[in-house]
Amino acid sequence: MSIPGIGFVSGSVILAEIGDYHDFKTPEQLAKWCGLSPGENESAGKKRPCGITKQGSKYLRTMLVQIAHVVARKSNTKLSRFFQRLSKRKEYNVAITALARKLICLVYHLLINQELYQEEDCERRKSKPAKSDPTSSYSPEDQLEDKVAAIVDAFYHLKANGRKRSSDGSG
């Protein structure tokens with residue numbers, strides 16, 4: 001959820017669809033499972049690039065493309081600048097799909113390393129004094145960490161319950 005454009009619901013959907021992210025050895029494997037890898041047709045020994053493979057989770061792919069649309073509209077972030085550079089050379093849908101693939105690879109990296117997404121621009125924005133609500137006791141960073149912790153706890157709780165059921169032999 002620290003990535004711009006990914007909120008609580010979309011973060012929950014991503015984690016629910018991926019499941020155990022340790023099953024994937026590389027971010028490319030995860031992108032391929034999401035159906036966001038570039039395809040390639042071969043005929044008579046000649047290879048031609050084609051669209052994405054679309055194999056894997058269509059729900060996760062749809063969610064990532066929707067997030068990519070949101071990120072592309074944001075201003076002055078690394079990801080939106082990546083989209084702008086790419087959209088100058090490629091058509092819109094190709095650039096959005098490439099951004100969605102970049103997002104899932106970024107999510108994989110953040111999950112494996114247990115990190116939060118940070119940009120250099122964010123450091124400058126954080127240095128400005130923010131108007132805080134005197135009634136709220138948490139800063140936005142604390143609220144984000146609480147939400148991430150809740151999602152991770154729920155994921156591990158479901159994972160632990162799934163193992164108990166399978167070991168009982170009841171299903």
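# A chat about helix packing

Q: Where does Ile67 lie?
A: Ile67 lies in helix H3. Helices (H or I, at least four residues) and strands (E, at least two) are DSSP runs, numbered from the N terminus.

Q: Before we go on, what kind of model is this?
A: This is a predicted model, in which local features need pLDDT of at least 70, side-chain atom pairs count only at pLDDT 80 or more, and totals for chains, interfaces and linings use all residues. Residues are numbered from 1 along each chain as its sequence is written, and side-chain values use heavy atoms, with hydrogens and water left out.

Q: Good to know. Back to Ile67: buried or exposed?
A: Ile67 counts as buried because its relative accessibility is 3%. The cut-offs are under 20% relative accessible area for buried and over 50% for exposed, with partly exposed in between (1.4 Å probe, protein chains only).

Q: And what does Ile67 touch, not counting residues up to four places away in sequence?
A: Ile67 touches Gly5, Ile6, Ser10, Ile14 and Leu103; contact here means heavy atoms within 4.5 Å.

Q: Ile6, then. Where does that one lie?
A: Ile6 is in the segment before H1. With a relative accessible area of 8%, Ile6 is buried. Leaving aside neighbours within four places in sequence, its contacts are Met1, Gly11, Ile14, Ile67 and Val107. Ile6 and Val70 are 64 residues apart in sequence, with C-alpha atoms 8.7 Å apart in space.

Q: At what angle do H1 and H3 pack?
A: Helix H1 (residues 8–18) packs with helix H3 (residues 58–73) at about 150°, and their axes are 10 Å apart. So H1 is roughly antiparallel to H3. Axes are lines fitted to C-alpha atoms, for helices over the stretch in contact, and angles run from 0 to 180 degrees between N-to-C directions. Under 35 degrees counts as roughly parallel, over 145 as roughly antiparallel, 65 to 115 as roughly perpendicular, and the rest as oblique.

Q: Which residues make that contact?
A: From H1 they are Ser10, Val13, Ile14, Glu17 and Ile18, and from H3 they are Tyr59, Leu60, Met63, Leu64 and Ile67. By class, the H1 contact with H3 has 8 nonpolar, 1 polar and 1 charged. Ala, Val, Leu, Ile, Met, Phe, Trp, Tyr, Cys and Pro count as nonpolar, Asp, Glu, Lys and Arg as charged, and the others, Gly among them, as polar.

Q: How about H2 and H5, where do they cross in degrees?
A: Helix H2 (residues 27–34) and helix H5 (residues 92–113) cross at roughly 130°, and their axes come within 9 Å. That angle is why H2 is oblique to H5. The residues in contact are Pro27, Glu28, Leu30, Ala31 and Cys34 of H2 with Arg101, Ile104, Cys105 and Tyr108 of H5. This contact of H2 with H5 has 7 nonpolar, no polar and 2 charged residues.

Q: What span should the 22 residues of H5 have?
A: At 1.5 Å a residue, H5 should span 32 Å, and its end C-alpha atoms are 32 Å apart, which agrees. The expected span is 1.5 Å times one less than the number of residues.

Q: What comes just after H5?
A: Gln114, with a positive phi of about 50°, although Gln114 is not a glycine. Gln114 is in the loop between H5 and helix H6 (120–127) and counts as exposed because its relative accessibility is 56%.

Q: Changing topic, where is the place of Ser80?
A: Ser80 is in helix H4 (residues 78–89). Its relative accessibility is 3%, so Ser80 counts as buried. Not counting residues up to four places away in sequence, Ser80 touches Val71, Ala72, Lys74 and Ser75.

Q: Last one: how many helices and strands does the protein have?
A: The protein has 7 helices and 2 strands, following the pattern α-α-β-β-α-α-α-α-α along the sequence. Of its 171 residues, 30% count as buried.
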